[in-house]
Each structure stands twice: as structure tokens, then as C-alpha cells.
Amino acid sequence: MQKESVGIRLKNWGSEFRRQIPLQSMVLPAIVFMIIFNYIPIYGLSIAFKNYTVTSTIKTAKWVAMKNFEIILTDKYFWASVKNTLGISLLKLAFGFTIPIILAVMIYSVKDGPFKRITQTISYLPHFLSWIVLGGMIISWMSTTGMFNQILISLGIIKEGTNILLDADKYWWIASLSDVWKEAGWGTILYLAAMAGIDPTYYEAANIDGATRLRQTWSITLPLIRNIIGLNFILTISGLLGSNLDQTLVLMNTQNQPTAEVINSYVYRIGLAQGDFSYATAAGLGVSIVSVILLVIANSLTTKLNDESVL
């Protein structure tokens, strides 16, 4: 009886699959792409447990078990990069997570018209510029004779200009705020899309009851987009250890390197620049495992705060 039931299910699945062949054929290229570029390379993670060099292959490299991970635990430069990564990422979390929500609420509150469209376009624009372009602008603005120094001198805050990017103590703020400037506008898209689906009768009823704009935002807008907020929070938490490599390579210099070196740039430098592929792979694997753990924890927290609904 059970075999017949399984056979019927397989037959139904086969007929349903044949009916959806046009749709399945559209998905097939994406599946092949993922298999080639996402799953097959997983085999290369085995070099984290080997002494791999460019003269050997993954199969012939000497097995060293957990030795690379033991080296990581005693590497002060790696832990310095972890400290910098967490410092910058937490600042990005504080500003980069909240500012898009605030900006989206402000844009949503503006009546449809040219001003609203222009504001949205201006806020999106930095996202489409590469860090090479934006980094060059920031380096120019923060130079000794750059825009920031000229503004501070004109306000009487400082007497003479200094190259701000050479100050290691200020780098965390520069990295986090410049990233917020680049991505805040783009981050409003999901929130604005969610707000567009809110029934306007909620706001009409709130106006009749005399609720202020701030009360409407707090009691109507934010609760109704909490699923999107929770999803973005989960993704942001899971990426705490994945600081922007492009930004770091552009803005880092020999003077600010002690506070600018993040995990990604350290792994890049050790792996590609110095050729220690096994060590770099071990470090990257460890970061990935921690990121997955953070993802699970963030999902559990948001689920409990979101009335046990799974995001």
C-alpha cells in the first residue's frame, strides 16, 4: 500500500513537472550557475586543513588538520582585523540600519510630486557609483586643502588643515558614515515598497482620532513594515564580519592601516598578496561559520520579537 502511494506521488510529480517544463527551463540556467560557481568550489575549502602551495594540487597537498586554525588563534594581526571589523560594522549597524528607515518614512510622508522624485533620485545616486569613484572624492575632500578642512577653518574650529584620512583614530567613523552615505538611499527601496501597500484608511482613521504624524508613524507605519525591518536586521547581523573590501582597499593607507585593516582585506592580503592560501581559506571559513551562527541567532531573536512569525 505504501509503495503504491509513493508511486502515485512520483507519477503526479512527473506529470506536474512535464506541465511546467517551460517554467523549469527558465530556472535551469540559474541552477547550473549555482552548481558551478557556488557548490563545486566548496571542495576547495579542504585546503584550510592542508598545507597548500601553488606547486601542489588540492589532492596532493599535505594534510595538517587544525594547524591553520591554531595559527589564527595566536595571530595578533588577525584579531586586530577582527576588532576593526566589529567596530566598523557596529557603527554601520547603528547608523546604516536606522537611517534608511527614517529616510524612507520621511520620503513616504512627502506628497507625490517633483520634489519627492528628485529627492529619491538624489538619495539613490551614490549607490550606483563604485568605491573607486566615491573613494577618490572622499580622499580629495579630506585632504589638507580639501572641502572638509576648508569648512572647519571657515567656522573657526581649526586653524590649519590636516589630512583627515591619515588619522587612524577617525577611520572607523569615516568608513561607517561614508558607507551610510552611499547605501542609505538604496536601502529605502524595500521600506517604501512595503509602505506603498499600507491601507490609507488606517491613516484616515488616525487623522479623525487626532493622531499626530509621529504617532501615525509609530503606531501604523512601523508595525506594518516590521517584517521587512526584521528581514533587513537579520541580513545586517549576519554580515557583521563581512566589511566592505572595496571601500577598505580604496581608503586604507599606511598611516590608518592599524584601524582600517578588516578581516576581508587581511585575508585578501595574506591569501593573494603573500600566497598563503591555506591560512586565508581557514580564516575565511571561520568567519563564514560565525556569520551563519549570527544569522541563526538574529533570526531567532526577530522571530520572538515578531509574534513568533518566521521571516
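Reader: What volume does the largest cavity have?

Author: The model is a predicted one. In it, the count of cavities of 30 Å³ or more comes to one. The volume of the largest cavity is about 50 Å³.

Reader: Which helix gives the most to the lining of the largest cavity?

Author: The lining consists of V105, Y108, S109, Y203, R213, Q216, T217 and T221. By class, these are three nonpolar, four polar and one charged. Two helices, α5 and α11 (213–224), each supply at least two residues of this lining. The one that gives the most, with four residues, is α11.

Reader: Which residues lie nearest the centre of the largest pocket?

Author: The largest pocket has a volume of about 620 Å³. Its lining takes in 23 residues, divided into 11 nonpolar, nine polar and three charged. Nearest the centre are G96, D179, E183, N232 and T236.

Reader: Which element gives the most to the lining of that largest pocket?

Author: Elements that give two or more residues to the lining of the largest pocket are α4, α9 (171–196) and α12. With nine residues, the element that gives the most is α9.

Reader: How is the aromatic pair of F97 and F233 classed?

Author: The structure holds 15 aromatic pairs, this one included. The ring centres of F97 and F233 are 5.6 Å apart and the planes make an angle of 65 degrees. Planes over 60 degrees apart meet the cut-off for one class, so the pair of F97 and F233 is edge-to-face.

Reader: How many residues apart in sequence are the parts that the pair of F97 and F233 ties together?

Author: F97 sits in the loop between α4 (76–96) and α5 (98–109). F233 belongs to helix α12 (residues 226–238). The pair therefore ties together parts whose separation in sequence is 136 residues.

Reader: Is F97 buried or exposed?

Author: The cut-off for a buried residue is under 20% relative accessible area. F233, at 25%, counts as partly exposed. F97 has 15% relative accessibility, so F97 counts as buried.

Reader: How are the rings of W141 and F148 arranged?

Author: W141 is partly exposed at a relative accessible area of 26%, and F148 is partly exposed at 34%. Their ring centres lie 6.4 Å apart and their planes stand at 70 degrees. The pair of W141 and F148 is therefore edge-to-face.

Reader: Which residues do ring pairs link into a cluster?

Author: Aromatic pairs number 15 in the structure. Ring pairs link these residues into a cluster: F78, W79, Y266 and Y279.

Reader: What phi does A65 have?

Author: Most residues other than glycine have a negative phi. A65 lies in the loop between β2 (62–63) and α3 (67–73), and its relative accessibility of 30% makes it partly exposed. Although A65 is not a glycine, its phi is positive, at about 55 degrees.

How values were computed:
Residues are numbered from 1 along each chain as its sequence is written. This is a predicted model: local features need pLDDT of at least 70, side-chain atom pairs count only at pLDDT 80 or more; totals for chains, interfaces and linings use all residues. Side-chain values use heavy atoms; hydrogens and water are left out. Rings of Phe, Tyr and Trp (its six-membered ring) pair if their centres lie within 6.5 Å; planes under 30 degrees apart count as stacked, over 60 as edge-to-face and the rest as tilted. Buried means under 20% relative accessible area, exposed over 50%, partly exposed in between (1.4 Å probe, protein chains only). On a 1 Å grid over the protein atoms alone, a cavity is a set of points where a 1.4 Å probe fits but cannot get out, and a pocket is an open set with protein on both sides within 12 Å along at least five of seven lines; lining residues have an atom within 4 Å of a point. Grid points are joined across faces, edges and corners, and a volume is the space filled by probe spheres set on the points. Ala, Val, Leu, Ile, Met, Phe, Trp, Tyr, Cys and Pro count as nonpolar, Asp, Glu, Lys and Arg as charged, and the others, Gly among them, as polar.
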